[in-house]
Amino acid sequence: MSDTSKPLFPRLNEHNYKRRQEDMTAFLMTKQAWGLVSGADEAPAVTEIKAYKEWRDNNWSAARHIYAALEESQKIHVSDMETESVRMWNKLKEVHQQKVPGT
């Protein structure tokens, strides 16, 4: 049986963002983490202790998956946000997506 706890595709490098972004989105969906990373599932109030801890743990798990899918040369972009999956995702998008007027 294959190990589905980690991505089964090449890591993100400076040349393959579009394909890896698609692969990682699908992978995070299989881990029920895409809603969190995409920003659709916002953090509950800290006062909702059980719900907040579950969200936090899922956030950390998603961040670990994203970080593990990066080549060493890409980790510099997210070096100060290893526990923040949404910030990591958005930073990698900012770094790699070509800025095109009107899009």
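1. In what follows, a residue counts as exposed when its relative accessible area is over 50% and as buried when that area is under 20%, with partly exposed residues in between. The model under discussion is a predicted one, and the points below should be read with that in mind.

2. The geometry of α3 can be checked against expectation: its 20 residues should span 28 Å at 1.5 Å a residue, and the C-alpha atoms at its ends are 28 Å apart, which agrees. As background, an α-helix has 3.6 residues a turn, so residues three or four places apart point the same way.

3. Helix α5, with twelve residues, reaches 17 Å from its first C-alpha to its last, which is close to the 16 Å expected at 1.5 Å a residue. Its buried residues are Ser 85, Met 88, Trp 89, Leu 92 and His 96, and, viewed down the axis of α5, these fall within an arc of 95°, so they too line one face of their helix.

4. A search of the whole structure finds one cavity of 30 Å³ or more, and the space in the largest cavity comes to about 130 Å³. It is lined by 13 residues, of which Leu 12, Arg 20, Met 24, Trp 89 and Leu 92 are the closest to its centre.

5. As to where the lining comes from, α1 (17–30) and α5 (85–96) each supply at least two of its residues, and α1 gives the most, with four. By class the lining has ten nonpolar residues, together with one polar and two charged residues.

6. A last point concerns Met 29, which is placed in helix α1. Its relative accessible area is 48%, so Met 29 is classed as partly exposed. The C-alpha atoms of Met 29 and Leu 8 are separated by 14 Å, the two residues being 21 residues apart along the chain.

Technical notes:
Residues are numbered from 1 along each chain as its sequence is written. This is a predicted model: local features need pLDDT of at least 70, side-chain atom pairs count only at pLDDT 80 or more; totals for chains, interfaces and linings use all residues. Side-chain values use heavy atoms; hydrogens and water are left out. On a 1 Å grid over the protein atoms alone, a cavity is a set of points where a 1.4 Å probe fits but cannot get out, and a pocket is an open set with protein on both sides within 12 Å along at least five of seven lines; lining residues have an atom within 4 Å of a point. Grid points are joined across faces, edges and corners, and a volume is the space filled by probe spheres set on the points. Ala, Val, Leu, Ile, Met, Phe, Trp, Tyr, Cys and Pro count as nonpolar, Asp, Glu, Lys and Arg as charged, and the others, Gly among them, as polar. The expected span of a helix is 1.5 Å times one less than its number of residues. Buried means under 20% relative accessible area, exposed over 50%, partly exposed in between (1.4 Å probe, protein chains only). The arc is that of the directions from the helix axis to the C-beta atoms.
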